[in-house]
Amino acid sequence: MSCIFCKIIAGEIPANKIYEDEKVLAFYDIDAKAPVHFLIIPKEHITSAAEITPANSSIVAYIFELAAKLAKELKLENGFRIVNNCGVEGGQTVEHLHFHVLAGRLLAWPPG
Ligand code: AMP
């Protein structure tokens, strides 16, 4: 297995976990881009958002429900941003579907 996020799921690489169940894992990003920056990933290896199909799309709704729940628990009442980078020009560096949740400062728009 070469995927770093699959290794985190398998417990082969440590991570600062926030939440875990049979479908997903949430953990803090190792290189935070905001005061709060965590990732939510499916346990199923899906390479990117470009690989979402009717057969696997329910995990995306599940992840967004979890993002809302964790935002409440972490008291991100001033707002947060959910980001998915897809593909080379989208800025994706890890080829395992993941959603960034960023908060704790005013985030610029549009992104660079
Ligand atoms: P992306 O560039 O959208 O593919 O995001 C990949 C993210 O994974 C980056 O923000 C990295 O900082 C983060 N990352 C890479 N390796 C680890 C790790 N071992 N633990 C936590 N976050 C990681």
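Helix 1 supplies the largest share of the lining of the largest pocket, 3 residues; helices (H or I, at least four residues) and strands (E, at least two) are DSSP runs, numbered from the N terminus. This is a predicted model, where local features need pLDDT of at least 70, side-chain atom pairs count only at pLDDT 80 or more, and totals for chains, interfaces and linings use all residues. Residues are numbered from 1 along each chain as its sequence is written, and side-chain values use heavy atoms, with hydrogens and water left out.

What do we mean by a pocket? On a 1 Å grid over the protein atoms alone, a pocket is an open set of points where a 1.4 Å probe fits, with protein on both sides within 12 Å along at least five of seven lines, and lining residues have an atom within 4 Å of a point. The largest pocket has a volume of about 680 Å³; grid points are joined across faces, edges and corners, and a volume is the space filled by probe spheres set on the points. Its lining counts 29 residues, and Asp-29, Lys-33, His-37, Leu-39 and His-100 lie nearest its centre. Two or more lining residues come from each of helix 1, strand 2, strand 3 (36–42), strand 4 (81–83) and strand 5 (99–103). By class, the lining has 17 nonpolar, 7 polar and 5 charged residues. Here Ala, Val, Leu, Ile, Met, Phe, Trp, Tyr, Cys and Pro count as nonpolar, Asp, Glu, Lys and Arg as charged, and the others, Gly among them, as polar.

Now for the ligand. Where does the ligand sit? You will find it in the largest pocket, a label that requires more than half of its atoms to lie within 2 Å of the pocket's grid points. Around the ligand are 17 residues, the closest being Asp-29, Asn-85, Thr-93, His-98 and His-100; a residue is near if one of its heavy atoms lies within 4 Å. This shell divides into 8 nonpolar, 6 polar and 3 charged residues. Helix 1 gives the most to it, with 3 residues.

Next, look at the polar contacts, pairs of N or O atoms within 3.5 Å. A polar side-chain atom of Asp-29 is 2.5 Å from an oxygen atom of the ligand. In the side chain of His-98, an N or O atom lies 2.8 Å from a ligand oxygen atom. Ile-30 takes part through its backbone, where a polar atom is 3.1 Å from a nitrogen atom of the ligand. Taken alone the ligand exposes 500 Å², and the protein buries 87% of that, with areas from the Shrake-Rupley method and a 1.4 Å probe.

The second largest pocket has a volume of about 170 Å³. Among the residues that line it are Lys-75, Phe-80 and Leu-107. Lys-75 lies in the loop between helix 2 (58–73) and strand 4, and its phi is near 60 degrees, a positive value in a residue other than glycine.

Key
Polar contact = N/O pair within 3.5 Å; in protein donor to acceptor, adjacent residues only side chain to side chain.
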